[in-house]
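Have a look at the structure first, then read on.

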Amino acid sequence: MDSLSAISEELANIDGEINDIFRALSNGFQKLEKIKDSNRQSRQLEELTGKMRDCKRLIKDFDREVKEEESRNTPDTNKMLSEKKQSMIKELNSYVALKKQYASSLDNKRADLFDGPGGGGGFGEENVLLASSMTNQQLIDGGNRMMDETDQAIERSKKVVEETINVGAETAAALKAQTEQMSRIVNELDSIHFSIKKASKLVKELGRQVATDRCIMTMLFLIVIGVIAIIIVKLVNPNNKDIRDIPGLAPPALTRKLLWDTN
């Protein structure tokens, strides 16, 4: 953190936020191991997924800031920053893999809830007893009828499968388009967020410059007022010796040489 502060205060702040998220992710997954209820596990995974999205956005901000500072840094500093970014990405990917592992385990648990311990065992004996009381012709007719029903069921199943495949393809295409659109929106939002940060910094710097310019203008105004006051005093009372003459503004000579003597 201290080395990053020496390079850029913005980089140090982003690095601090990312480290906070990594600590929260570590604590969150440790807490997830102790949760037994599937619904609570699902909510905990959603919270951790949100933190991972925030971390990804901050890593993008870190990368943009590094690229802006690249021309002003030494090659060793740029190498250190690149290794720092790769370390962040690697750690984030480890949490993403851990999240996928927990999500897969949670899906398996939910699937087990819908699987029964096994059923339908009592129908075999009933079918055997029913068949033993039927004639051969009845058995043949029943078999043919069952085969027809089976063929019809297979045809219906084929249609359902074809419709499902078509719907799945359309849904996949729509999801792909929406995913690409969401990705573009997220990138634009990240760029806007980064631009707002830079604009805030520029506004603060301009504010400081304006304050400095105001101080200078105030001092110049006071100096001009003082010079004007001295000029007015010298013009009103030119014999005042307490105020030194301003070069170029000395009072005119009072003695004049007469052109002729009246006597």
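This is a predicted model: local features need pLDDT of at least 70, side-chain atom pairs count only at pLDDT 80 or more; totals for chains, interfaces and linings use all residues.

## Ground rules

Let's start with burial: a residue is called buried when its relative accessible area is under 20%, exposed when the value is over 50%, and partly exposed in between, using a 1.4 Å probe and protein chains only.

Residues are numbered from 1 along each chain as its sequence is written, and side-chain values use heavy atoms, with hydrogens and water left out.

## The overall picture

The protein chain has 6 helices and 0 strands, where helices (H or I, at least four residues) and strands (E, at least two) are DSSP runs numbered from the N terminus. Read from the N terminus, the order is α-α-α-α-α-α.

Of the chain's 263 residues, 17% count as buried. The protein chain exposes about 20,700 Å², with carbon and sulfur atoms supplying 58% of that; accessible areas come from the Shrake-Rupley method with a 1.4 Å probe, and for residues only the protein chains shown count as cover. Now for contacts, meaning heavy atoms within 4.5 Å. Among contacts with a separation of 6 or more, 69% are between residues 24 or more positions apart.

## Salt bridges

How many salt bridges does a search of the whole structure find? The count is 11, with a salt bridge being a side-chain nitrogen of Lys or Arg within 4 Å of a carboxyl oxygen of Asp or Glu. One of them pairs Lys-197 with Glu-10, the closest N and O atoms being 3.8 Å apart. This pair links distant parts of the chain, with Lys-197 in helix α6 and Glu-10 in helix α2, 187 residues apart. Lys-197 is partly exposed at 22% relative accessibility. Setting aside neighbours within four places in sequence, Glu-10 touches Glu-65, Lys-197 and Lys-201.

Over in helix α3 (residues 38-69), Arg-64 and Asp-61 sit 3 residues apart, about one turn of the helix, and their side chains meet in a salt bridge of 3.3 Å, N to O. Asp-61 is buried at 1% relative accessibility, while Arg-64 is partly exposed at 22%. Asp-63 and Lys-67 also make a bridge, with the closest N and O atoms 3.4 Å apart; both lie in helix α3, 4 residues apart, about one turn of the helix. Lys-67 is exposed, at 56%.

## Surface patches

Patches are made of residues with over 30% relative accessible area and no salt bridge; like charges are joined within 9 Å, and nonpolar side chains (Val, Leu, Ile, Met, Phe, Trp, Tyr) within 5 Å. Phe-221, Leu-222, Val-224, Ile-225, Ile-228, Ile-232 and Val-236 make a nonpolar patch of about 690 Å². Ile-232 belongs to helix α6 (residues 136-236) and is partly exposed, at 48%.

There's a negative patch too, formed by Asp-148, Glu-149, Asp-151 and Glu-155. For charges, Lys and Arg count as positive and Asp and Glu as negative, while His and the chain ends are not counted; each charge is placed at NZ of Lys, CZ of Arg, CG of Asp or CD of Glu. Asp-151 lies in helix α6 and is partly exposed, with a relative accessible area of 44%.
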